[in-house]
Structures are given as C-alpha cells and as structure tokens.
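Here is a short report for a reader new to this structure. Please look over the sequence and the 3D view before reading on.

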Amino acid sequence: MKIRKISQADLMDISRIQRECYSEDLLESIDSYSAKLSANSDFSFIAIQNEMVVGYVVALPWVYGELLDLDGVDYSVPVDADSLCIHDIAVSREARNGGTAKYLLNSVLESAKSRGYKRLFLVAIQGASSYWKRQGFEAVQVNEELKGRLSAYGEDAEYMTRTYE
C-alpha cells in the first residue's frame, strides 16, 4: 500500500470510489472536490494498491463548530482556522478490511500534528459513528443552526471531534 498526497489528477478516481461508498444524495461533484483541493490539499491523501487508487481522504483546516458545505464549489480556508476538518474518507470495496482507512487517517493525523492542529472534526454519515468512536472521536452536541446544516449530510449525520496533545 502506498499513500501519497492527492492531486487534481486524482479526481476521477475520487468520483469512482465515492460512487461505490455513498448513497446518491451524498455524492459530490468533481468540481466540488477540485474546489476543496484548490483551497488546501496539504492534508488530503490517496491510497494506491496494485497500481490502482483504492481510497482517499480529503481534509482542510477549518473552524471548529463550523461545517463545510456538501457539494459546494467555493471554499477558502478561514484565516481563523483552528482545527482540521476531515471532510471525506472513502475506501473502495476491494480494499476494505485491509487497513486502508487507518493508513489514510494516520497520514492526516501526522500532517495535522506537524502543523500544530490539536483538534480534528468530521461529520459521520451512513452509520459510521461507531467506526469513528473506535478511532478516538466523540459525538458533539450541536446548536440548532449547525443541526440544520448537518441535515444535508443525512438523517443520521453526527458531528464528531478528536483532540490530542
């Protein structure tokens, strides 16, 4: 397994993998991923196995308590970004249960630590909160405004965070 920084050239592979992993109402356009990577690609990686992209993670510096718009096309890292938002992590069917997601998450964690980010947050979807709890994330109670914005991510979406020293 090889992990490397993501690039705009990987957008078609991202699209292929997300279609394997997510319901139709959660799919994001190539333009949306391109905009996220253009805003900051320092914390985004792909996993390659047997010459094929089998997973990816897209993460951006962001403000804790906020949320990236689902399928937006205009992103810029806030000047007061205090945390790292793991917007998306997905692994193709053939690479599941082989540690791919863990390799991707570890790459994000190492990058976050090296840049001084002590908090990560994400939105767990499609019942993935139990996975994220095993990775050290905890569900967070959110205010009504954020709860309304979370609804775009699905009925069971949970805002979760992890901090470390």
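## What lines the cavity

This is a predicted model. The lining of its largest cavity has 7 nonpolar residues, 1 polar residue and no charged residues. The lining residues are L67, L68, C85, I86, H87, L122, V123 and Y153. Two elements give two or more residues each to this lining: β4 (83-91) and β5 (119-124). Strand β4 gives the most, with 3 residues.

How much space lies in the largest cavity? The value is about 40 Å³. The count of cavities of 30 Å³ or more comes to 1.

## The sheet

Strands β4 and β5 also belong to an open sheet of 7 strands. Its order is β1-β2-β3-β4-β5-β7-β6, and the pairing is mixed. Strands β1 (2-5) and β6 (138-139) are the edges. Each of these two pairs on one side only.

One pairing can be followed down to single residues. Strand β2 covers residues 45-49, and strand β3 covers residues 52-62. The two pair in the antiparallel sense over 5 bridges. Here I46 has Y56 in β3 as its bridge partner.

## Helices on the sheet

Helix α1 spans residues 11-21 and lies across β3 and β4. Its direction runs at about 95 degrees to β3.

Helix α3, residues 100-114, packs on the sheet as well. Helix α3 touches β1, β2, β3, β4, β5 and β7 (158-163). Its direction makes about 160 degrees with that of β4.

Terms used:
Residues are numbered from 1 along each chain as its sequence is written. This is a predicted model: local features need pLDDT of at least 70, side-chain atom pairs count only at pLDDT 80 or more; totals for chains, interfaces and linings use all residues. Side-chain values use heavy atoms; hydrogens and water are left out. On a 1 Å grid over the protein atoms alone, a cavity is a set of points where a 1.4 Å probe fits but cannot get out, and a pocket is an open set with protein on both sides within 12 Å along at least five of seven lines; lining residues have an atom within 4 Å of a point. Grid points are joined across faces, edges and corners, and a volume is the space filled by probe spheres set on the points. Helices (H or I, at least four residues) and strands (E, at least two) are DSSP runs, numbered from the N terminus. Ala, Val, Leu, Ile, Met, Phe, Trp, Tyr, Cys and Pro count as nonpolar, Asp, Glu, Lys and Arg as charged, and the others, Gly among them, as polar. Two strands pair if DSSP finds at least two bridges between them. Contact means heavy atoms within 4.5 Å. Axes are lines fitted to C-alpha atoms, for helices over the stretch in contact, and angles run from 0 to 180 degrees between N-to-C directions.
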